[in-house]
Every structure is written in structure tokens, then in C-alpha cells.
Amino acid sequence: MATKPSWLTTNPASGGSGNGAIQNSASEHTGRVARTGTVTVTATGLETPKTYKVTQTAKAEFVSFNDGAEMAAGKAGGALTIQGKSNSAKLTFSWVGSVEDVEIPESYQANGSSANNGEAISGDPGAQNEYDFSIQLTLPENDTVDEVVRTLLVTADGAQTAQISIKQAAGDPTLEIDPTEITIPQAGTPAVSVQVTSNTTWAIS
């Protein structure tokens, strides 16, 4: 005998007497595949119960980042974890535009397990529920005086996309000169060179 699924709520919960109506409601369904169940109604003195089938529509396939459209990263760089939610069968991560100093890892975490970038997730957890995902990037130190912006794109199996701009704080300005003492010939020439090493604009006074 089929029993009603755990996600379904009936009112009355257990039964009634005489003519009546059964109200059916459910918890939110976040999977991308519709779910079904059967409710069995028995009556005193009758051997054969009656059943009805319940179908709950699915949530559209989606992917999103928890931090929205942008997030901050420190100038020192290092590990950065980006988190999101989806119900897709697979996720593919890539950079928007040319990013040569940060590699996209071959794997990420989906529903608590490792998944390969661009490949089907084992067990397809998104069929029945949305799941959490995270990917860890390693950023280099920003040794410039400008903010560095890199935009990460995630694409779901159904071509839905989300992107997030990672804004890395500007580095500290630097200035070095070598040598710190020179001697110019009595004649004034030839010129003597002093090397300037800097990541910002500089002036002579």
C-alpha cells in the first residue's frame, strides 16, 4: 500500500467521517525534476482502498552566486572561496575575458562532494533539490596601485549563467632608486644613470 510522500501535507492529516475534502499542500520543491507521490485513502468496512496521485512541479534550472554580482579580495592574494547554489546536473566555470594569472581548478565542491569542472555531478543532486557549491581560487598578490577585477562565469547544463566580479584591492605604492649616491664628472658629461623601480607615478624635485 502506497503511503503519502514526506513532502506532502494533507488536511485533515489522518482522516475524517462522511463527506469531506482533503486539502493538499507541500514544502517548496527546489529540484529541477517534478516529484510525484501517491496518497491512499481507506474506509472502514471496505477492503479495497482508493488512491490519488500527486505531482509537484519543478523549479526552473538555475545557478547563482551567494555574494551576488561582485565580491572583494585582499591585496595580499591567496585562497579565495566562492559559493553559490544550483539545481543543475553540471556546472562549468570559466573567466570572462582574458585572465592569465589565476587558473580555474579542475574540480569544485557540489552538495558536499567533489565534482569535475564541466562534467556531470555524481548522483545528480539537483534533480530533487537545490544544492550548495563552492570553488576555491588562488589569487596572486596585487603589486600594482590599481584595483584588479576578474570576472568568473558559471554556466549550468541548460545554459543558464551567473557571473561575479572579484575586485582585488590595490597594492601598496613602491619606490626604489639605485644607486643612492652618484658622482658626475667635472666636465658634466657623460650623464650618470640612476635606476628607478616603482609601481606608480613619480616626480623629481
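This passage walks through the fold of one protein chain, from its overall outline down to a few single residues.

The structure is a predicted model, in which local features need pLDDT of at least 70, side-chain atom pairs count only at pLDDT 80 or more, and totals for chains, interfaces and linings use all residues. Residues are numbered from 1 along each chain as its sequence is written, and side-chain values use heavy atoms, with hydrogens and water left out.

To begin with the big picture, the chain has 15 strands and zero helices. Both kinds of element are DSSP runs numbered from the N terminus, with helices being H or I runs of at least four residues and strands being E runs of at least two. The chain's radius of gyration is 31 Å, well over the 17 Å that the globule rule gives for 205 residues, so the chain is more spread out than a compact globule. (That radius is taken over C-alpha atoms, and the rule is 2.2 Å times the number of residues to the power 0.38.) The C-alpha trace tells its own story, spanning about 125 × 30 × 25 Å along the principal axes.

What about the surface? Of the 205 residues, 27% count as buried; here buried means under 20% relative accessible area, exposed means over 50%, and partly exposed is in between, using a 1.4 Å probe and protein chains only.

Contacts come next, a contact being heavy atoms within 4.5 Å. Taking the contacts with a separation of 6 or more, 63% are between residues 24 or more positions apart.

In soluble globular proteins, nonpolar side chains tend to be buried together. In this chain the largest nonpolar core holds 26 residues, and F65, I82, L91, F93, Y108, L152 and I166 have the most contacts inside it. Such a core is a set of buried Ala, Val, Leu, Ile, Met, Phe, Trp, Tyr and Cys residues joined through side-chain atoms within 4.5 Å. At least two residues of this core come from each of β5, β6, β7, β8, β9, β11, β12 and β13, and β11 gives the largest share, with five.

L152 lies in strand β12 and is buried, with a relative accessible area of 0%. Leaving out residues up to four places away in sequence, the contacts of L152 include I82, W95, I104 and L137. With that same exclusion, F65 touches residues including F93, F133, L152 and V154.

K50 makes a handy contrast. This lysine is found in strand β4, residues 50-56, and is exposed, with a relative accessible area of 63%. Beyond neighbours within four places in sequence, K50 is in contact with V39, T40 and V41. K50 and V39 are 11 residues apart along the chain, with their C-alpha atoms separated by 8.4 Å.

Most residues other than glycine have a negative phi, and most peptide bonds are trans. The N11 to P12 bond, however, is cis, with omega near 10 degrees, and P12 is in the loop between β1 and β2. The T189 to P190 bond is cis too, with omega near 0 degrees, and P190 is in the loop between β14 and β15. N111, not a glycine, has a positive phi of about 55 degrees; N111 sits in the loop between β9 and β10 and is partly exposed at 47% relative accessibility. A159, also not a glycine, has a positive phi of about 80 degrees. This alanine is in the loop between β12 and β13 and counts as exposed at 56% relative accessibility.
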